[in-house]
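Here is a walk through one protein model.

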Amino acid sequence: MNSDSETPRLHHPPRLVNFPFNPTRLPFFYGTVVMVCGTLGVLASAPGQTVGVSVFTDFLIQAHQLSRSWISFAYLAGTIASAMLITRAGRWYDRFGGRWVSAISAGMLAVVLTGMSYSAVIAESVASILPAAYRDHASFAVLTLGFFAMRFFGQGMLTLSSRNMVLEWFEQRRGMALAFIGISVAFGFSVTPPIFEWLIQRGGWSWAWQMIAVVVAVYALLAFCFGRSRPEDHGLLPDGPFAKKDRKTHAETLSGRQFTLSEARRTYSFWVFTFSVVMSGLVLTAFSFHVVSIFADGGMSRSQAVAIFVPAACVSVVVEFVGSWLSDFVKLKYLAMVQLVGIVMLSLSLSFLSPGPAVVFVVLGMGLMQGMFGIISGVTWPRFYGRTHLGAISGFSTSIVVAGTAVGPYLFSVSHDRFGSYQAATLLCAVVALLLLAASPRADRPQ
């Protein structure tokens, strides 16, 4: 059997598929419930995203008595390791469906967060059976393993399965569904750091992670009860009452063909869109990780650096709403071009950052880039390659994106350490984005 011929999805017994209730008996299209459930799943992944992990960084440095460089390297190693397994997670999605993968991923993330709350105790216990010289190595190993699990179950499996579960229930109205997810997540992730900080100040970093784990565990139960993998499992069609009555089943791609992962990887468009999303994730993560230092180099304060995310989020919400609506009508390559223009704008404005107009371009570039991120990473794969192997294809792309988010902060650090500024890294990102922009006019939907 070809290694790229994904395992067929398991057909669970009807009672299990419809437990605890049958969605066909409800007087409304159940895709709306799945859309809310999937959105909550992406929000529940926040503890495993950089936006959630970064709040705990200083406390981990103090608890484990490791330098910031070692903590960052543990985060890099854990993220790269998780990226290597996300393609396999995509195949699990194709086999078991979004409901099961989402629920199990959330449950595992809750377990990992609880374990991370005791990471200092675990590291100390491991160090007690090792020579004294290996105490730091024990902490590094524990944190690397913890970061790997947080990134794999949070940023990787939970995000992928929750978003794909929604995409299964919508085709013609997929842009609307993604707009709902994108706007909700934009606002949700923007309040994540202050909420996590409030929990830490209230009961300490360990207690905060334990409380967050409880919330994620509650979502795991909700995903099992209200999540549903595919409308066809219940005799329904994507889009429900809005579906075209004369369309062929699974005929979303131009030819009606359902691409396997190996076939998708042989297409030109797959790599253009994947690397466009990679560059967006790389620049955004690197900028977020080093934002205070970047603004300090530009002669601005910490408060000015942190405040940049609020106006950028507002621009992002508007861009995502308009872009999601347009994605139902225009070619995706044009939206990818907008994303790449945002990357170029942000990278160049960071290269020559100073108080004044450059800050405005930072906000605009970041808003364009963030606003298009969810659209390009969500709509592209089912529209270009079909839904039969959606998990494997999106999982492989996500694995590369996750690796990019790990490399970004390290790339910026090396630039600053070697050249005394971030300019070398930001200019390099701008050049790569320009090359992708030149390549994007040929990135059409495969035949």
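The protein averages a pLDDT of 86, and 93% of the residues score at least 70; pLDDT is the predictor's confidence in each residue, from 0 to 100. Residues 1-7 fall below 50, with 15 contacts in the model beyond near neighbours in sequence. Residues 246-251 are also below 50, with 11 such contacts. A contact means heavy atoms within 4.5 Å. Where pLDDT is low, the predicted coordinates should not be read in detail.

This is a predicted model: local features need pLDDT of at least 70, side-chain atom pairs count only at pLDDT 80 or more, and totals for chains, interfaces and linings use all residues. Residues are numbered from 1 along each chain as its sequence is written, and side-chain values use heavy atoms, leaving out hydrogens and water.

Now take helix H4, residues 57-64. Helices are DSSP runs (H or I, at least four residues), numbered from the N terminus. Thr-57, Leu-60, Ile-61 and His-64 are buried in H4, that is, under 20% relative accessible area with a 1.4 Å probe, protein chains only. These residues lie on the same side of H4 because they cover an arc of only 105° around the axis. The arc is that of the directions from the helix axis to the C-beta atoms. An α-helix has 3.6 residues a turn, so residues three or four places apart point the same way. Just after H4, Gln-65 has a positive phi of about 55°.

Finally, turn to helix H2. Val-36 is found there.

Technical notes: Buried < 20%, exposed > 50% of the residue type's maximum accessible area, 1.4 Å probe, protein only. Helix = DSSP H or I, 4+ residues; strand = E, 2+ residues; numbered from the N terminus.
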